[in-house]
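User: I have a structure here that is new to me. Please go through it with me, one piece at a time.

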Amino acid sequence: SFDKPHVFTNNIAYANGGNSELTDESILRTNTFLVNNANNPTYAVTDADFVSLDESQLLRPRKADGSLPDITFLHLTSGSDLIDRGTLVSGIPYSGSAPDLGVFEYR
């Protein structure tokens, strides 16, 4: 049991090895998850929504100044229907008419 519920907003779970592990205490707001091996019917997510699905990019070394490497993993493509489909989260900037679904805002 959790003292406070976990709130998930504007997330994508795609091509993962199994179900997303959510609890009864989880609060879901504008997400696309694979739950019980069935796609969320709100938005269809395909490989074409992403510039790259090459997760090896996550192992690249940091830049000389210590900042994170430039990657394209999970960045949305210009034609993705996940752009501007999210929910506003106070204090998190976005471009377009609404936040995007997923970790990176399309620019």
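This is a predicted model: local features need pLDDT of at least 70, side-chain atom pairs count only at pLDDT 80 or more; totals for chains, interfaces and linings use all residues.

User: What does Val-51 touch?

Analyst: Leaving out residues up to four places away in sequence, Val-51 touches Thr-72, His-75, Leu-76 and Thr-77. A contact here means heavy atoms within 4.5 Å.

User: Now pockets. What is the volume of the largest one?

Analyst: The largest pocket has about 260 Å³. A pocket is an open set of points on a 1 Å grid over the protein atoms alone, where a 1.4 Å probe fits, with protein on both sides within 12 Å along at least five of seven lines; lining residues have an atom within 4 Å of a point. The volume is the space filled by probe spheres set on the points.

User: Which residues line it?

Analyst: There are 13 of them, and Leu-74 is among those nearest the centre, together with Ile-12, Tyr-14, Leu-53 and Phe-73. By class, the lining has 9 nonpolar, 3 polar and 1 charged residues. Ala, Val, Leu, Ile, Met, Phe, Trp, Tyr, Cys and Pro count as nonpolar, Asp, Glu, Lys and Arg as charged, and the others, including Gly, as polar.

User: And what is the volume of the second largest pocket?

Analyst: That pocket comes to about 230 Å³. Of its 13 lining residues, Asn-10, Ile-92, Asp-100, Gly-102 and Glu-105 are the closest to its centre. Its lining has 7 nonpolar, 4 polar and 2 charged residues.

User: Where is Asn-10 in the chain?

Analyst: Asn-10 sits in the loop between strand E1 (7-9) and strand E2 (27-29). Strands (E, at least two residues) and helices (H or I, at least four residues) are DSSP runs, numbered from the N terminus. Asn-10 has a relative accessible area of 7%, so it is buried. Its phi is positive, about 65 degrees, although it is not a glycine.

User: What lies 2.7 Å from the side chain of Asn-10?

Analyst: The backbone nitrogen of Thr-87 is at that distance from a polar atom of the Asn-10 side chain.

User: Which side chain does Ser-80 make a polar contact with?

Analyst: The side chain of Ser-80 contacts that of Asp-49 at 2.8 Å. A polar contact is a pair of N or O atoms within 3.5 Å; within protein, one must be able to donate a hydrogen and the other to accept it, and residues adjacent in sequence count only if both atoms are side-chain atoms. The Ser-80 side chain also reaches the backbone nitrogen of Leu-82 at 3.1 Å. Ser-80 is buried because its relative accessible area is 7%.

User: What does Asp-84 touch?

Analyst: Its partners include Ser-95, Gly-96, Ser-97 and Asp-100, not counting residues up to four places away in sequence. The C-alpha atoms of Asp-84 and Ser-97 are separated by 5.9 Å.

User: Last one: how many helices and strands are there?

Analyst: The chain has 0 helices and 4 strands. Buried residues make up 24% of its 107 residues.

Technical notes
Residues are numbered from 1 along each chain as its sequence is written. Side-chain values use heavy atoms; hydrogens and water are left out. Buried means under 20% relative accessible area, exposed over 50%, partly exposed in between (1.4 Å probe, protein chains only).
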